[in-house]
Structure formats: C-alpha cells, structure tokens
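User: I would like a close look at the cavities in this model. Please take me through them step by step.

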Amino acid sequence: MIKRALIVLLLTTSSSFAQQFRTYDWEKKPKLHKLTKEETEESSIGILKKHIVEYSANIMSPEPKRYETEHTITRVNDDKGIARHNTVYIPMYEVKKVVDIKARTISPKGKVTVLNQENIKEVKNVDEYGDFKIFAIEGVEKGSEIEVLYTVEKEFDMYGAETIQSNYKIKNAEFTFITGNLKSNVKAYRTDVKFEDITVDGNNAKSLVLKDIPAMVEEEYATPDANKIAVVYQCFPNGQDISQEMFWTNVSYNVGTKFFPSEVSPKVSNDLPLITEGKTDMSTFEKASRVDNFIKSNFNIVKNNNEELSNLDYILENRSASSFGILKAYAHYLKALDVEYEVVITASRFEYKFDPTFFIPSMLREFLIYLPTEKKYIAPDRIEYRVGEAPANILGNYGLYIKRDLGHYFQKIEQNDPNYSQVKRTTDITFNDDIESAIIEMHQEYTGHWSATNRAILNLSSEQGIKEFKEYLTSSGVEDKQEISFSTENNDINQTKYNVPFIVNSKVSSESLIEDAGDSYIFQVGLIIGTQSELYQETERVNPIEMSYPNQYDYTITVHIPEGYTAEGLSSLNLNKSYKNDKGEKLAKFESSYKLEGNKIIITIQEFYKTVEYDLDRYEEFREVINAASDFNKAAILLKPVE
C-alpha cells in the first residue's frame, strides 16, 4: 500500500525487442559437477544461482514488460540438504503469468528425473508471505543435483531487489539486468565485484558474476538477513529519466500531505479533555506523551488491507487503524496540542540497511514520529514503547525525515541519550544457620529499552508469560530458587515523565548455589548475575558486530560470610576487559572487583556498550568483553571454617 501511495508517474510508449528468456535454457544432457572434498562434506552446495531481470519495451502498451528468470543447480549431500531443497516455492507476488516452470534431478549414477507438471500446486498466503507455486522435487537422494528453471512475467514495476547470498555456499552466482535502450540503474551491496556492461541478444545489459559466496550464518550480535549480498535496480519507461532526489521528493510530498493536516478534525477536539485532564501548562514532552498514551490505550492497529483503516473519519469513529493510518490520528492530535513533529520513514536494520542514495520502496517499512525540539521519537505501532529513543530494531539505520513544509533530509537514527538503557542492581546474600541455602535479596532498576520491554511483558503477557518473566528477573541462572517475595514499582505501561525506571524488589532462596566440600562450602556467586551470552566460537566471524542497543549494567553484590567462616578464592572476582576507540575511550567494558569489609564481601561490576556498531576487524577485543561476563558467571568462592 505504501509503495502505491508514494509515486504516480506518466508513462510513454516505445518499440519492443527480443526477450532473452525465450532462448535461455539448461544443458540438454546434464552431468554431475565436480566438487572439492570440503564441499561434499557440506549439507548442500549451490553450484549455480542465476537470476535474470529483463525489461522489454512494449509496442502495445506504455509500460514495458517485465520478466524474471531464475536458474539454480544445487548439490544435496545429506538428509539435511535434501530437506532444505526438496520442496520448491515460487513466489507469485506481482506475477501476471507463469511463462515456464521446469525442474529435474540428476542422481549420483546420472539418472535424470524430470518434474511432472501436474504436481505443481498453487498455495495461498504461505505463512503471511503471499501466494506461491509449490512442488516437491522427485527422485532426489544423497549426492543428487537439483536443477530448477522458471520464468514469470510480472506486473510493471520500476523497482526491484534480489538477494544473492543464502545460508549455504554458492559456487557461481550471476545477476543479469537487461534493459535495452531504457534508462536504468542497478547497484550491488556487500560485495566489491562490479557490474559489467554486456549485450544479450543485441540488447544492452549489465552483469554481476560472483564466485564462491560463503554461507551466511546466524551469529549473536549481528543482522545476518540484512547483511546478505543483494542487488537493487530501477528501470524507467521510454523517455523517463528520474533522479534519486526526484524519487525522495515525491515520497516526501505524497506522505507529507497525508500527515501534516492544515486543520484538526472536530472529532479530535472532542478527545482533548481526556488527553489533557485539565492541565494547561505542559511541556512538549508531556503533550506528546499524553497523546501517545491515549492513542495506544484507545486505538487498535489492524493488520489487513482494508482501505477504511487508512480513512481518518473511520479511524476516529471506530478506534481502529492500519499501521499506516494510525499516523493520521497522531498527526491530528499532535497538531491540536501544537506539538512540532516530523515523520520518519525507515526499516528494521535486521531486515534492510536503508540507503539514502538509491530509492527502493521495499526499504520504506517503518514509520516513526520525531520530535525535533526534544530529540525523541514516537513509535506509533509499537505498543510497548512510549516517547523516548527509537525502537531497538530501528536504532542505527538511516531514515527519511519529512518536515511540515514537505522538505526532507536523511539522518542516521541514533540514540540521543547515552545513558538511556541501564540496569542498576543491588544484591544482598545471606545464608541460613546450617549453610544449606542462600537468601538472595535484590533491588533492580531498569530504564530505556529494558523498562519498555519489561512493562509490556508485565501488562500484556499471559499468566505463563508473567511466570517466566519473574523467573528472568530473579537471577535467571539459579535453577531451584524459591520465591519469598516479589513486587514491582512504576509498572504502568503509560508514562508521562521521561525514562522512569521500572523497579523490581525480590527475595528468593536457593540450595543449588551451595556445594559441600568436606567441612567447607563452595558458593557459586557468579550465577547471581544471571545467564550470560558467550562468544567462544572457533570459526571465523562472518557478520559485522551490532548490539541490540547501547546499554549499561551496574551491580553491587554483598555476600555476608557466615560466622565462623572465612572466604577464599576471591581472585576469580577480579576481571577487567575493554574495547577502546582510537582516542583511548572505552566503548565496551566488563570490570568486576571486590573488597572485604569485616564479614562482608562487596563485589562491584560495571559492564557497558556505548555504541551499536563495533569493528569486525577487532572482533577478538569485543569477544573478550562479552566472554568476561560469562567468565564471571562461572566464578565461585570457598567458605572455609576458621581454624
């Protein structure tokens, strides 16, 4: 819906040229390809992935025809590989006509099994991804090669994107972009290989050829889907030559005219007393917060394509809107309270890396409202967030900012408050008389993204969800703990003050933290900080390092040594790892230390990550910081009788 609303362009006629897909074909007599020993040990290997996008000027219509051809050859070496590739899904989004679909299997002995066309089925809305043609691969066994070749004619669209990299190695990948004499642009991401100018059947084209693309792997602190090698392209009707700035200006105008009303709807004015509650002297932050609270408490966002859900009168009357339409409600309420704002369009950085230099509508996935005087955001369709920093999945991406005068600019969506997300925790640990159990009393304060998530879980989860939530908040690494008391403060999901901490007070007991050691006891003090991430992988890191969001932990743990005992092995409590920038400033750190005061061991821990992105070339330094927290989690002290 967003893409259709953004741009309206006039198209002109032109002459047609030969289509390459009519002559492109697979080998008449296929043979198994040679693989290295290492490649035969992989579950599957992509031998070929070739994608052809062809725009063909159409003498019968002002719109060029658009064809896409996909040709893949894949070796499957084990059951996992077979399961990954033995069912083929062909997306039918924007498909006008299926030109051809064929597939075949070449067994290890050279037997060729060709797809029976009657086995191709059409399935509607698979996992909310739309309609697909689907078929099972026949005759596949370990060591087989699966070959698929299909061509579809699609509705005309000036823009497109294709992901080249996958979760298995691809030996040969090709992207061919055929546009003839039509004006076009094409760009590849996350590869140094450049497009080459070629001709295909006498038509101008560009070709990208890649060799030995490694498998994209799932890694912690990464955005693997958005990191894959990909291609984006634009092709214009004959006579059209549109600059990127013209595209963005069109977006700004079309979106801005919808979200910067000249007059406030009377229906909005009727709600103002409910929002202001009689207050007249309010800051911009409080006004925006009250609007945010009101809409998220009284309106529902509905995930369907009903056009009424974008109609302001319908939205205000029925308190229901699409994620696009709800911005209209925000716009009118904010204007009614004279709140200055801008509209931001962007994408989740876990799905797309927003590129201001190349317009592709598929990047326009997420909307924010920016308050320039406050340097804070409203996330209209995120029920857990209130006015503050941008949601974690958007933070760090670029965005298109649209102003009231319909002008625009691009800006990286960064965190303005460096101390926004913090966890402050004080823990007091005592033991019962026979040292069979530890009593853990804890006071915690969560701010920023932590508090937004915690409030949402507490207010919106099921009974089982809340039970798991309490488990997480009371030393998640302690298996047998028994709750003595648990309470929360500032737990209302609606807030009118900035970054109010979500507070948890708890008291639990545990026997599993204590282990008999003759007449002494081993106390697993490190488990008190909860389960920690760790990066002990031996394989080479693939993805750039990205945190969910900047954050900081400050812990004070006081252990009361039982009367008649002394503590040994305290050196394991001293850890200090950091990651510094070129100015010597610490961007990430884990530091723990202790001191003895009478019968008390006072442990202090500070861990922080000041930025979202870290240098992949310095992964070892980053990993040391992460693993320091995991190392502390394993720390133990010996409680030994005084001799």
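Analyst: A cavity is a set of points, on a 1 Å grid over the protein atoms alone, where a 1.4 Å probe fits but cannot get out; its lining residues have an atom within 4 Å of a point. Grid points are joined across faces, edges and corners, and a volume is the space filled by probe spheres set on the points.

This is a predicted model: local features need pLDDT of at least 70, side-chain atom pairs count only at pLDDT 80 or more, and totals for chains, interfaces and linings use all residues. Residues are numbered from 1 along each chain as its sequence is written, and side-chain values use heavy atoms, leaving out hydrogens and water.

The structure has 3 cavities of 30 Å³ or more. Start with the largest cavity, at about 190 Å³. It is lined by 18 residues, and Arg386, Val387, Ser451, Arg455 and Gln495 are the closest to its centre. Helix 7 (284–298) and helix 10 (449–460) each give two or more residues to this lining. Helix 10 gives the largest share, 3 residues. Here helices are DSSP runs (H or I, at least four residues), numbered from the N terminus.

Ala, Val, Leu, Ile, Met, Phe, Trp, Tyr, Cys and Pro count as nonpolar, Asp, Glu, Lys and Arg as charged, and the others, Gly among them, as polar.

Now the second largest cavity. Its space is about 50 Å³. Among its lining residues are Pro418, Pro550, Tyr609 and Lys610. This lining divides into 3 nonpolar, 5 polar and 1 charged.

Terms used: On a 1 Å grid over the protein atoms alone, a cavity is a set of points where a 1.4 Å probe fits but cannot get out, and a pocket is an open set with protein on both sides within 12 Å along at least five of seven lines; lining residues have an atom within 4 Å of a point.
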